[in-house]
Amino acid sequence: MAENNASKSSFARWWRQVLFIPVLHSKWLTPTAKARLTERVTLAEQGHRGEVFLIVENHLPIQEAYHSDCRDRAIDLFSEYRVWDTEENTGVLIYVNVCEHKLEIVADRGISAHVSPTVWRAMCDKAVVGIANQKTEESLTELLDEVGQVLRQYYHLEQNPSGNELSDTVVFLK
């Protein structure tokens, strides 16, 4: 999802990160829930050439929180985890920030050429509502299914591709 909004420095955002207590907010991401979400990533990747990568992070790194928002962090992680490095530029990063109650989708240029930012934003907004209602895993499961459907729409294959360019395992950054 491409947006040209430059993030604004925020002392309030920095304080939220400093005062955030992870153990109180990430109980939902048990090893079993992580395994179920990893399985959903695998399912979301079937039938197309796209790659889906899910990162859940408790909070922004303290040293970056004043100057960077969740969108900036998602773009950094898109690069760091090389989601952009797929053969047909069809990587999609889903980034969840537990502290900020934010979700971002960063799509590589191959899929961004077909899907408007408003579609990604609508998907994010829907998932954030579910997360706010304490249905985090269910909301992420639905989001992964929707991303898979979008990728199938533009990159459909009659047979499932034989390769998997990125790991399907959910990345949890504490």
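## How the helices and strands sit together

Q: How do the axes of helix α3 and helix α8 meet?
A: The axes of α3 (residues 31-44) and α8 (residues 136-155) come within 8 Å and cross at roughly 15°. This is a predicted model, where local features need pLDDT of at least 70, side-chain atom pairs count only at pLDDT 80 or more, and totals for chains, interfaces and linings use all residues. Residues are numbered from 1 along each chain as its sequence is written, and side-chain values use heavy atoms, with hydrogens and water left out.

Q: Why is α3 called roughly parallel to α8?
A: Angles under 35 degrees count as roughly parallel. The crossing is at roughly 15°, and that makes α3 roughly parallel to α8.

Q: What makes the contact of α3 with α8?
A: Contact means heavy atoms within 4.5 Å. Among the residues making it are Leu37 and Val41 of α3, and Leu140 and Leu144 of α8. The contact residues divide into 7 nonpolar, 2 polar and 5 charged.

Q: Why is strand β3 called largely enclosed?
A: Buried means under 20% relative accessible area (1.4 Å probe, protein chains only). In β3 (residues 102-107), 5 of the 6 residues are buried, so the strand is largely enclosed by the rest of the structure.

Q: How do you know that β2 and β3 pair?
A: Two strands pair if DSSP finds at least two bridges between them. Here 6 bridges join β2 (residues 91-97) to β3, and the two run antiparallel. One example is Leu93, whose bridge partner in β3 is Val106.

Definitions and conventions: Buried means under 20% relative accessible area, exposed over 50%, partly exposed in between (1.4 Å probe, protein chains only). Helices (H or I, at least four residues) and strands (E, at least two) are DSSP runs, numbered from the N terminus. Axes are lines fitted to C-alpha atoms, for helices over the stretch in contact, and angles run from 0 to 180 degrees between N-to-C directions. Angles under 35 degrees count as roughly parallel, over 145 as roughly antiparallel, 65 to 115 as roughly perpendicular and the rest as oblique. Ala, Val, Leu, Ile, Met, Phe, Trp, Tyr, Cys and Pro count as nonpolar, Asp, Glu, Lys and Arg as charged, and the others, Gly among them, as polar.
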